[in-house]
Amino acid sequence: MGCGAGSIAIPLAQAGHPVIAADFSPAMLGTLDAGIEYYGLEDRITPLELAWDDDWDLVGPVAKAVDVAFASRSVTTNDLKGALAKLDRTARRRCAVTMVANSSPRYDLHVMNAIGASVTRSNGFVYAFNILIQMGALPQVTYFESPRRDTFDSLEAAVADLSRMLEHGNEDKIDRLRDYIAQHMIENPHAGEPGSKGVPQGRYMLDHIRKVRWAFIAWEPVSAPRP
């Protein structure tokens, strides 16, 4: 059940469809439907349009309906405690979430630091850990990094793309950004090949790999099954 950039998948404990894959976006679910049909997984995956703010008692999986419930980079909600509680009440054996553990994935911290731009770091994973402790869980946390390569076909294309980072008072750093990119852009040896999202890579890239740090938080459900 994805609410935001990622998705939530809930493997079922009983016979039948082994996975419920949910998201609040019809477009995202449309892409999923196409993949299910292409790979012939109609009897393996059940799509479900569902958001964190929905009443899961009415439109979501019933309590303790699945073995494992996890949300991948998708816990974007004003009610973090409520979202974690919904995962907890749905799973019988295990719950897990993946949350960013430094700044938003849209930022390149290496570039932002180099040009003197300020970056707001996310502490959502800390709040999630503390909420789970308050709920009576014993959460386990593992940190990992995912590498990302931004590629482009020209200096101006790179500036146009990376300028998305210059917000919240950093808008005046555009010239510094252009100068940094001009000094650190190199030929991309994999130009034209499919990138991580299947889009052909550009002619150039920066001379460093952008890394995003994540926190993987897992716990055993603490809510009691319904009689």
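Guide: Let's start with E156, which is partly exposed at a relative accessible area of 46%; here buried means under 20%, exposed over 50%, and partly exposed in between, using a 1.4 Å probe and protein chains only. Keep in mind that this is a predicted model, where local features need pLDDT of at least 70 and side-chain atom pairs count only at pLDDT 80 or more, while totals for chains, interfaces and linings use all residues. Residues are numbered from 1 along each chain as its sequence is written, and side-chain values use heavy atoms, leaving out hydrogens and water.

Visitor: Which residue forms a salt bridge with E156?

Guide: Side chains of opposite charge can pair when their charged atoms come close. The rule for a salt bridge is a side-chain nitrogen of Lys or Arg within 4 Å of a carboxyl oxygen of Asp or Glu. For E156 the partner is R178, with the closest N and O atoms 3.3 Å apart. R178 sits in helix α7 (residues 174-184) and E156 in helix α6 (residues 155-162), so the pair ties together parts 22 residues apart in sequence. Helices (H or I, at least four residues) and strands (E, at least two) are DSSP runs, numbered from the N terminus. R178 is partly exposed too, at 26% relative accessibility, and a network of salt bridges links E156, D175 and R178.

Visitor: How many salt bridges are there by this rule?

Guide: The count comes to 9. One of them joins D67 and R93, whose closest N and O atoms are 3.6 Å apart. D67 belongs to strand β4 (residues 66-72) and R93 to strand β5 (residues 91-100), 26 residues apart. D67 counts as buried at 15% relative accessibility, whereas R93 is exposed at 59%.

Visitor: And D88: is it buried or exposed?

Guide: D88, in helix α3 (residues 80-90), is buried yet has no salt bridge. For charge, Lys and Arg count as positive and Asp and Glu as negative, with His and the chain ends not counted. The nearest side chain of opposite charge to D88 is K64, 4.3 Å away.

Visitor: What does the side chain of D88 join in a polar contact?

Guide: The side chain of W219, at 2.9 Å. A polar contact is a pair of N or O atoms within 3.5 Å; within protein, one must be able to donate a hydrogen and the other to accept it, and residues adjacent in sequence count only if both atoms are side-chain atoms.
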